[in-house]
Amino acid sequence: MKHYQKVIFFLIVNFAALGLGNILQGEGPSGDWYQNLNQAPWTPPGWIFGAAWFFVMFCFSFFMAHLTKYETRNKLIALFSVQFFLNVIWNAIFFKHQMIGLALIIIISLAILIGYFLFVYGRKLKIKTLLIAPYFIWLCIATSLNIYMLWYN
C-alpha cells in the first residue's frame, strides 16, 4: 500500500472514531449533567474541543502512516486498536454513563499509550514524532480537566 493510501486509511478510521465517540456520548457537553458540573477554570470554550480533536486526529493519521514502515503489522494493529477503543469508549463512560472516575482511568490509559508511541518510536521516526505530540499534549489537558471534575464534583 502506498504512503498516501495509508494516510487516507488512517484519516478515515480516526475520524470514524471521533464520529462513533460522538454518537455514544449521548447529549455530551451540551447536556444538563455536563453543564452543571464544576469545571476547571482552564476549560476551553466548546468549539476548541472539536478543533483540537480534528487537528489531533489529522496529525495522528500521518504519524500512523509513517509508523507502518517501522513496526510489525500485528503489533501496530494491536496498539492502534487499543487506542481506538479507549478513545471511543471514554465519551460513553464520561458523558452518557457519567462515571467520571472510570473515565479518568480510561483517559490516563490512553495518555500512557500515546506516550508510549511518542517516546518508543521517537528514535525511529525522528522529526515525524512531532505528529503525535499534539495528541499527547491534548490528552494531558483533557486528563487535567477530568481530574478537576472528579475532585470538585
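**View 1. Overall fold.** Of the 153 residues in the protein, 44% are buried (buried means under 20% relative accessible area, exposed over 50%, partly exposed in between, with a 1.4 Å probe and protein chains only). This is a predicted model, in which local features need pLDDT of at least 70 and side-chain atom pairs count only at pLDDT 80 or more, while totals for chains, interfaces and linings use all residues. Residues are numbered from 1 along each chain as its sequence is written, and side-chain values use heavy atoms, with hydrogens and water left out. Along the principal axes, the C-alpha atoms fill a box of roughly 50 × 25 × 25 Å.

**View 2. Confidence by element.** The mean pLDDT of the protein is 96, and 100% of its residues reach 70 or more (pLDDT is the predictor's confidence in each residue, from 0 to 100).

**View 3. Helix α3 and its cover.** Helix α3 comprises residues 46-67 and reaches 32 Å from its first C-alpha to its last, close to the 32 Å expected at 1.5 Å a residue (the expected span is 1.5 Å times one less than the number of residues). Its buried residues include W53, M57, F60, F63 and M64. Among the elements covering the buried residues of α3 are α1 (3-24), α4 (73-96) and α7 (133-152).

**View 4. N14 in helix α1.** N14 is placed in helix α1 and counts as buried, at 1% relative accessibility. Leaving aside neighbours within four places in sequence, N14 is in contact with M57, F60, S61, F80 and Q83 (contact means heavy atoms within 4.5 Å). The C-alpha atoms of N14 and F54 are separated by 9.5 Å, although these residues are 40 apart along the chain.

**View 5. Helix α5 and its partners.** The end C-alpha atoms of α5 are 30 Å apart, in agreement with the 30 Å that its 21 residues should span at 1.5 Å a residue. Buried residues of α5 include I100, L104, I107, L110, I114 and F117. They belong to the buried set of α5 that packs against α2 (32-35), α3, α4, α6 and α7.

View 6. The whole structure holds 23 aromatic pairs (rings of Phe, Tyr and Trp, the last by its six-membered ring, pair if their centres lie within 6.5 Å; planes under 30 degrees apart count as stacked, over 60 as edge-to-face and the rest as tilted). F60 and F117 have ring centres 6.0 Å apart and planes at 75°, so the pair is edge-to-face. F60 lies in helix α3 and F117 in helix α5, so this pair ties together parts 57 residues apart in sequence. F63 and F117 also form an edge-to-face pair, 6.0 Å centre to centre with 90° between the planes. Both F63 and F117 are buried. Ring pairs link F60, F63 and F117 into a cluster that also includes F9, F10, W53 and F80.

Conventions:
Helices (H or I, at least four residues) and strands (E, at least two) are DSSP runs, numbered from the N terminus.
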